[in-house]
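Please examine the sequence and structure shown here before reading on.

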Amino acid sequence: ETLPLVVDRNPAIFGQGISSEYCMEVAVSLSSQFLQPGEVIFLESEIPRELVFLESGSVSFSRKVVTEGRSTERLMRYVRADRKDDASVLGAVSVILGCPHFFSARVR
C-alpha cells in the first residue's frame, strides 16, 4: 500500500520509463516506521544512512544558528504528507551527493 503513494509523489525518482523490476526492488526494500512528534529523523551534519519517504504526518526542517555565542535552531520549512506539492522524499540530496545533511528533520 505504501509503494503507489511513494511512486505517485516522487516522479523524479519513478518517472516514465522506470521498469517494473526496479519499482519492485524499491518496494521490497521499504519498511514503515511510526514516529512520535518531536522525534528526530536525521540531524544536520549527520552522514545519511537511508532515504526516507513521508507517507503521513508532517516534518519540520531546521538549522543551527549561532548568534552572539548562543546556538539555537531556526525553522527553515516544513512539509506535510497531505499536501500534494510538498516533497515526500527526505534527505535525498545528501544521499545522492554522499554529503552530510544540510538540515535537521523532526516529526511535527
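F61 counts as buried because its relative accessibility is 10%, whereas F103, at 29%, counts as partly exposed. Here buried means under 20% relative accessible area, exposed over 50%, and partly exposed in between, with a 1.4 Å probe and protein chains only.

The model is predicted: local features need pLDDT of at least 70, side-chain atom pairs count only at pLDDT 80 or more, and totals for chains, interfaces and linings use all residues. Residues are numbered from 1 along each chain as its sequence is written, and side-chain values use heavy atoms, with hydrogens and water left out.

## Ring contacts

The count of aromatic pairs comes to 1. Rings of Phe, Tyr and Trp (its six-membered ring) pair if their centres lie within 6.5 Å; planes under 30 degrees apart are stacked, over 60 edge-to-face, and the rest tilted. F61 and F103 form an edge-to-face pair, with 6.5 Å from centre to centre and 75° between the planes. The pair joins distant parts of the chain, 42 residues apart: F61 belongs to strand β3 (residues 58-67), and F103 to the loop between α3 (92-97) and β6 (104-107). Helices (H or I, at least four residues) and strands (E, at least two) are DSSP runs, numbered from the N terminus.

R63 lies over the face of F103, 5.5 Å from the ring centre. The charged end of R108 sits over the ring of Y78, at 4.0 Å from its centre. Such a contact requires NZ of Lys or CZ of Arg within 6 Å of the ring centre and within 35 degrees of the ring normal.

## Pockets

A pocket is an open set of points on a 1 Å grid over the protein atoms alone, with protein on both sides within 12 Å along at least five of seven lines; lining residues have an atom within 4 Å of a point. The largest pocket holds about 750 Å³ of space. Among its 26 lining residues, S31, S32, Q33, V52 and F53 are the closest to its centre. Helix α1 gives the most to this lining, with 3 residues.

The second largest pocket holds about 260 Å³. Of its 14 lining residues, the closest to the centre are F61, G91, A92, V93 and F103. The largest share of this lining, 3 residues, comes from α3.

## Cavity

The structure holds 1 cavity of 30 Å³ or more, a cavity being a set of grid points where a 1.4 Å probe fits but cannot get out. The largest cavity has a volume of about 80 Å³, volume being the space filled by probe spheres set on the points, which are joined across faces, edges and corners. Its lining consists of I41, F42, E46, I47, P48, R49, E50, V52 and H101.
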